[in-house]
Amino acid sequence: MSINFPKVPSSNYVNVAACIRFIYGQFEKQGILRSKKDFERMKKENINWDMPRKFLKFLYKELEEDNNFYGLDMLCEMEGHRLGDEAVLYKDKDKLKEMQKTYNKAIGFARKCKSYKHMFSVYYWAGRYFAKFGETKKAIKHYKMSIFNACKYYHKYFPVGESYYSKRLLQSLFYIKKND
């Protein structure tokens with residue numbers, strides 16, 4: 001079966017990311033990281049992502065057979081976010097380890113399809129989840145990797161005047177300065 005899923009990174013990740021977020025029932029971008037209000041709301045909800053995960057495992061298999069590294073990259077990034085949400089919500093170290101493995105897979109796929117954004121932004125998200133979980137050393141390590149890779153790939157990804165990722169890199173620097 002051939003799936004009509006983008007094979008190469010575009011300048012607009014929003015459509016693909018939104019599709020996967022809707023499958024998870026996550027209509028906001030960052031889950032528990034978006035705001036204190038969202039974090040509190042999600043703590044009260046009994047979140048069960050079993051059904052979306054079954055579908056996304058099917059999709060993963062199809063994308064893998066098609067060598068669609070961009071699709072695999074996006075799926076791993078989104079799954080990493082949901083694992084991070086679960087790890088923090090349920091104080092689950094195993095989910096945190098699984099999150100890190102999944103994010104590492106996303107970075108591997110990002111290299112294969114030259115998705116420069118994911119070669120640094122995934123480290124940023126991992127840093128945020130580690131910080132929220134209380135794993136300061138791992139948060140610092142991932143924030144540093146995000147900054148290092150952003151410097152390495154900045155010229156290949158960032159459009160002129162882009163401040164969205166610059167703000168994230170500044171957040172990373174402030175966290176490192178405060179905790180290292």
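Colleague: What should I know before I start?
Modeller: The model is predicted, so local features need pLDDT of at least 70 and side-chain atom pairs count only at pLDDT 80 or more, while totals for chains, interfaces and linings use all residues. Residues are numbered from 1 along each chain as its sequence is written, and side-chain values use heavy atoms, with hydrogens and water left out.

Colleague: Which residues touch the most other members of the largest nonpolar core?
Modeller: Ile32, Leu75, Met99, Tyr103 and Tyr129, out of 45 residues. A nonpolar core is a set of buried Ala, Val, Leu, Ile, Met, Phe, Trp, Tyr and Cys residues joined through side-chain atoms within 4.5 Å. Buried means under 20% relative accessible area, exposed over 50%, and partly exposed in between (1.4 Å probe, protein chains only).

Colleague: Which helix gives the most to this core?
Modeller: Helix 4, with 10 residues. Helices are DSSP runs (H or I, at least four residues), numbered from the N terminus.

Colleague: Now helix 3. Which of its residues are buried?
Modeller: Pro52, Arg53, Leu56, Leu59, Tyr60, Glu62 and Leu63. Just after helix 3, asparagine 67 has a positive phi of about 55 degrees.

Colleague: What does Arg53 pair with?
Modeller: The side chain of arginine 53 forms a salt bridge with glutamate 86 (2.7 Å, N to O). Glutamate 86 lies in helix 4 and arginine 53 in helix 3, so the pair ties together parts that are 33 residues apart in sequence. Both residues are buried. A salt bridge is a side-chain nitrogen of Lys or Arg within 4 Å of a carboxyl oxygen of Asp or Glu.

Colleague: How many salt bridges does the count come to?
Modeller: The count comes to 10. Another one joins aspartate 85 and arginine 82, with their closest N and O atoms 2.7 Å apart. Those two are three residues apart in helix 4, about one helical turn. Aspartate 85 is buried, at 0% relative accessibility, and arginine 82 is buried with a relative accessible area of 0%.

Colleague: And in helix 2, how far apart are arginine 41 and aspartate 38?
Modeller: They are three residues apart, about one turn of the helix. Their side chains meet in a salt bridge (3.3 Å, N to O). Arginine 41 counts as partly exposed at 31% relative accessibility, whereas aspartate 38 counts as buried at 12%.
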